[in-house]
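Subject: Structure handover and notes

Dear colleague,

I am passing on the structure below, followed by my notes on what was found in it. Please read them with the model open beside you.

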Amino acid sequence: LRRGGESEEYVSWIHGRRLLLWCCVFALAFYFSVFFSLANLPTSNPILRTVRSRFFQQPNMVIYLIAATGLDVVCSGVSRAARRVPRWLWTGAVAVVCCAALAHHVHRVHPEVDAADNTMFDSFARLMLAPMPPNSCSAVVRDAGLGSVLITQGDEVVPNIVHVQQVDRYRTDVQVVDAMLAERAWYPAFAKTVFPHTMKRPPKGGFKRDEQFRKFVSKNQKAGYRVFVIETMCLLLSFDSYQQGAGGHVMCHDYPTTEMLLPDYKLWPTGLVWELVPVAEDRSYRDKLAEWMLLNTELLALRDSQRHRFDTDACGMRATADEFVRVSQRYTLAEGSWEQRVAWAHWEAVLGFADKALSVVQSEFFIVENKQPPPRNDTHCLPEYLRVIISAANYGMRGHVAAAMKMEKTRNMKRGEDVVSRAKQLLQSAKESLQLKTQYRLSDCTQDQLHVSAARVAREARAAQKTAQQGKTADAGKPTVPTKKAAKSGKA
């Protein structure tokens with residue numbers, strides 16, 4: 001203010017700031033009343049609340065403009081009040097205070113948001129792709145010839161796989177089909193340019209019905225591909241029955257219900273994914289029970305009852321699995337974060353493996369519903385199989401208590417406790433019936449199983465050869481009976 005009243009420059013300056021202020025107020029009102037009302041994401045879901053918070057950046061920028069305008073007003077007012085103090089001095093002092101406040105804020109918040117060593121999503125994608133043929137890290141997963149098809153959905157899965165395939169060039173031989181993108185109108189043209197000509201492409205409109213999904217899986221398996229799905233893909237399988245009121249949503253770990261929806265397939269967990277195995281090939285996994293358990297203990301980073309790692313690195317992914325668990329424990333896994341979603345998928349896979357393994361062991365070694373189990377050569381390893389199952393169930397429950405979503409915690413705790421209770425009963429029964437004196441490890445069971453299997457094949461081959469030789473000797477010792485035709489010709 002000058003003695004002669006307000007100058008024209010000062011009046012125009014005030015009016016300009018007022019106009020900017022009213023524009024900012026209008027923008028804030030628009031965001032709070034219109035924009036967020038149209039963003040139809042329920043805030044009761046933690047993950048959707050996190051997605052909605054991404055859009056807070058726009059109103060935050062408006063608030064920053066208001067704060068900058070107010071700061072400019074304060075600096076100008078102070079410099080006018082203290083005319084003897086140069087303007088640059090007041091401006092410099094305010095700038096120093098602002099920079100100090102910003103530095104303090106960064107120092108306080110940076111440790112909480114620093115994600116420089118967050119390799120959780122990268123490890124998650126690599127663990128999903130590693131066991132898939134044709135370049136599978138394990139011989140347990142049979143190679144169908146052409147490769148694998150992985151059907152996915154979800155923001156916590158698809159971007160991670162796309163990154164490791166397209167940027168890191170890791171396992172680009174696996175064909176990834178996203179169920180949500182397959183519903184888009186542009187996807188058929190995209191599939192023609194991306195997928196090989198030997199692969200049967202998703203139907204137009206995606207997998208909106210169970211029948212479309214079944215046909216896609218069947219055609220690709222007949223073409224020579226092995227088909228894998230992620231945990232939440234089984235939601236699509238139960239969509240029709242859910243719409244008809246026959247039941248609720250089904251996850252892949254609820255494999256009995258899923259196998260009812262897909263009667264021609266059996267679901268086998270292979271680390272973080274599930275393979276849709278035709279019923280005719282189900283025995284191939286059952287015959288390699290110890291190897292299959294070793295593969296899952298490695299990919300899922302399972303611990304025993306003393307929380308020690310199982311001694312296996314047959315797949316070459318032990319370091320990646322350990323890194324995944326280490327990073328998931330390093331971060332707080334806040335409610336609604338993507339780290340929590342990935343950790344939830346991991347613990348679901350652990351409990352799904354424990355449940356499936358218990359079902360297989362029970363049907364292979366114990367009488368169930370008056371059905372006699374098939375003869376096996378690895379009965380001495382039964383206690384170790386059950387100990388692995390108990391350890392996996394306890395490990396999965398500890399993970400869910402620490403990191404799982406609140407809405408999933410109670411259900412998974414009951415499920416894990418049920419697996420542990422049933423496995424302990426079977427273990428006690430096995431100890432009483434087998435009375436083994438030697439303590440086997442899972443790796444020993446694998447070696448014994450392979451050795452016994454090879455010996456059995458050789459023994460059966462020798463028996464077949466001996467039977468054939470005995471048949472030839474018996475034929476040679478028998479007197480020749482002349483036929484009527486030969487007797488007439490005199491050649492008998």
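With which residue does R283 form a salt bridge? The partner is E364, and the closest N and O atoms of the two are 2.9 Å apart, where a salt bridge is taken as a side-chain nitrogen of Lys or Arg within 4 Å of a carboxyl oxygen of Asp or Glu. R283 lies in helix α12 (residues 282–287) and E364 in helix α15 (residues 338–365), so the pair ties together parts that are 81 residues apart in sequence. R283 is partly exposed, with a relative accessible area of 34%, whereas E364 counts as buried at 4%; buried means under 20% relative accessible area, exposed over 50%, and partly exposed in between, with a 1.4 Å probe and protein chains only.

Before going further, please note that this is a predicted model, in which local features need pLDDT of at least 70 and side-chain atom pairs count only at pLDDT 80 or more, while totals for chains, interfaces and linings use all residues. Residues are numbered from 1 along each chain as its sequence is written, and side-chain values use heavy atoms, with hydrogens and water left out.

Salt bridges

By the rule given above, the count comes to 16 salt bridges. One of these joins the side chains of R226 and E275, at 2.5 Å from N to O. Since R226 belongs to strand β3 (residues 225–229) and E275 to strand β5, this pair ties together parts that are 49 residues apart in sequence. R226 is buried at 7% relative accessibility, and E275 is buried at 1%.

A further salt bridge links R318 and D322, whose closest N and O atoms are 3.9 Å apart. These residues are 4 apart in helix α14 (residues 318–330), and are therefore separated by about one helical turn. R318 is partly exposed at 26%, and D322 is partly exposed at 25%. Salt bridges that share partners also join D282, R283, R286, D287, E364, R376 and D378 into one network.

The sheet

An open sheet of 5 strands has the order β2-β1-β3-β5-β4, with mixed pairing; helices (H or I, at least four residues) and strands (E, at least two) are DSSP runs numbered from the N terminus, and two strands pair if DSSP finds at least two bridges between them. The edge strands, each pairing on one side only, are β2 (175–178) and β4 (265–270). Strand β4 runs antiparallel to β5 (residues 273–278), and 6 bridges join the two. The bridge partner of Y265 in β5 is P278.

A buried threonine and a surface patch

T297 lies in helix α13 (residues 289–299) and is buried, with a relative accessible area of 0%. The side chain of T297 reaches the backbone oxygen of L294 at 2.7 Å.

On the surface, F26, F30, V34 and L38 form a nonpolar patch with about 430 Å² of accessible area together. Such patches are made of residues with over 30% relative accessible area and no salt bridge, where like charges are joined within 9 Å and nonpolar side chains (Val, Leu, Ile, Met, Phe, Trp, Tyr) within 5 Å; the areas come from the Shrake-Rupley method with a 1.4 Å probe, and for residues only the protein chains shown count as cover. L38, found in helix α1 (residues 8–38), counts as exposed at 65% relative accessibility.

Terms used. Polar contact = N/O pair within 3.5 Å; in protein donor to acceptor, adjacent residues only side chain to side chain.
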